[in-house]
Amino acid sequence: MTTSLADVAASGATLRAFLHGLPGVDRVGADQRAAMLGTRSIKTTAKARAIDLAISMVDLTTLEGADTRGKVRAMCVKAVRPGGGAPRVAAVCVYPDLVPVAVEAVAGSGVKVASVATAFPSGRSSLDVKVADTAFAVAAGADEIDMVIDRGAFLSGDYLKVYEEIVAVKAACGEAHLKVILETGELVTYDNVRRASWLAMLAGADFIKTSTGKVSPAATLPVTLIMLEAVRDFRDRTGRQVGVKPAGGIRTTKDAIKNLVLVQETAGADWLTPDWFRLGASSLLNDLLMQREKLATGRYAGPDYFTLD
Amino acid sequence: MSRLAVRKTYKLFIGGAFPRSESGRSYAVTSPDGDFLANAARASRKDARDAVVAARKAFPGWSGATAYNRGQILYRVAEMLEGRRAQLAGELGLGRAEALASVDAAVDRLVWYAGWSDKIAAVHGTANPVAGPYFNLSSPEPTGVVALVAPADPLLGLVSVVAPVIVTGNTCVVVASEPSPLAAITFAEVLATSDLPGGVVNVLTGRQAELAPWLAAHMDVNALDLTGVTDADLALRCEQEAAGNLKRVLRPVPEPADWTADPGLTRMTRFLETKTVWHPLGV
């Protein structure tokens, strides 16, 4: 049922009517389904493939005030060659001023450079500043832009403002892919997560991302489940596929594999590629590499033998 | 009217908590005469893995604590053990008098090692005379996470291998005596109520041959104490696995070992690294 969504954003009232007309989320049901899918047992060869797939989906991230050029360069080296014959990761994710360093370090490897923008992580600035921030990162060579939505406007019901900001940032992105961070930890309810997902997709997001990583709780399984349902329903409705990126709080191989199971069972195998599903993380990569080493050597690996992030 | 018997469930001790084995398995523990005593948890390799993670997590805090503080906590363990004297004596599978004497010896052993906490650096460290304008000081530092296979003596043997390892600031994962693990779990309850931070000592019960090779091969374990391994082939295999990351290894002690003898310093010094600092003399 491909119905037109063209007029949905014609005014604040129509947008609001559409978003509030979305079916509500059964909180208990979503929690239980996510928990149930989290109990799947993935072992031996399937586990080895899942680990390699998860590594290839990682957006290796460093978003600290203390980031230096050296740290970003070291991270990029690891992104290109994680070690032990593991596949390269999908992308590195840095602050806008460090994009040129990352671009140079990953040049020719196929690893994308993502940059956060739009007054990350709070998003508390004027639209002009946000657009300029985005343009700065794109000009520096970023392939992907991770923007944050204005949660204050969203929570006070000013959906049109959020929509127009995303549209403006999307325009500033040009060729670069746009990931829209919903910061689900601040959205309070699952219904809001679903509405924000649709809002971002309607406004032209290429990816919807759970969190900045600066707010707890970050990427919980039920939230990722709801966003996966949203991208699935959006494609059914419009034919356009949107990616999902849970970020923050995914630290272990077990967490990563649970996410993969969720993708397979909710959105389907079409999303099980780095083009449509990413894992935003920093410490996760080492755990994946350690598990990979355990499968390869038959002995438990220790963090002393892997680089610090 | 007689009371309903309240039987104790013997579980593992990992990270300061008492979980059942991840595998859900248990095994029957019998007295030397063959009478059923209790079921003990039969730990799997994943329990061993979790225990190593807990021990690693506890290491910075425990090794960073002052020697005085570690000594006080060990002394506290001795105090709490004294209070459980009667219960532990009943779990040793010995005659009453012999069992009480064994518990007393374990308490005394803890007190003895507690006293060493702030003295080992003075005895084992040195101020080295060097041909240059420097202070040159060597001081002992803990090795890290130590995996222990406890000897058959259920309490005194266990205390005699655990206390010297932790008093210097190491954390450990100990595989309790396979035939008589009950006292080890009661000892874990003593540890849990003695201000010892969770994860400093982790106790696994189960099959020695199943657990020891995994711990010996684990890349995040820094040293291996094979004291309680009785099977020569298993000991050899463990030593070979331990070579993977150059673990310090203490080789098996042939049974019957006399745990009441003066322990000496070897068990402490084997799990220490020497750090030497060159410091320029002020002019």
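Mentor: A crossing is left-handed if the near helix is turned anticlockwise from the far one by less than a right angle, and right-handed if clockwise. Helices (H or I, at least four residues) and strands (E, at least two) are DSSP runs, numbered from the N terminus. The model is predicted: local features need pLDDT of at least 70, side-chain atom pairs count only at pLDDT 80 or more, and totals for chains, interfaces and linings use all residues. Residues are numbered from 1 along each chain as its sequence is written, chains are lettered from A and ligands numbered from 1 in the order in which they are written, and side-chain values use heavy atoms, leaving out hydrogens and water.

Trainee: In which hand does H2(A) pass H11(A)?

Mentor: The crossing of H2(A) past H11(A) is right-handed.

Trainee: Which residues make the contact?

Mentor: Contact means heavy atoms within 4.5 Å. H2(A) contributes A:Arg33, A:Ala34 and A:Leu37, while H11(A) contributes A:Val261, A:Leu262 and A:Glu265.

Trainee: How is the order of strands in a sheet read?

Mentor: Two strands pair if DSSP finds at least two bridges between them. In chain B, three strands form an open sheet with antiparallel pairing, in the order S3-S4-S10. Strands S3 (126-127) and S10 of chain B each have a single partner strand and stand at the edges, so one side of each lacks a neighbour in the sheet. S3(B) is joined by two bridges to S4 (residues 134-142) of chain B, and B:Ala127 lies opposite B:Leu137 in S4(B).

Trainee: Where is B:Pro280 found?

Mentor: B:Pro280 belongs to strand S10 (residues 272-280) of chain B. Leaving aside neighbours within four places in sequence, B:Pro280 is in contact with B:Pro133 and B:Tyr134.
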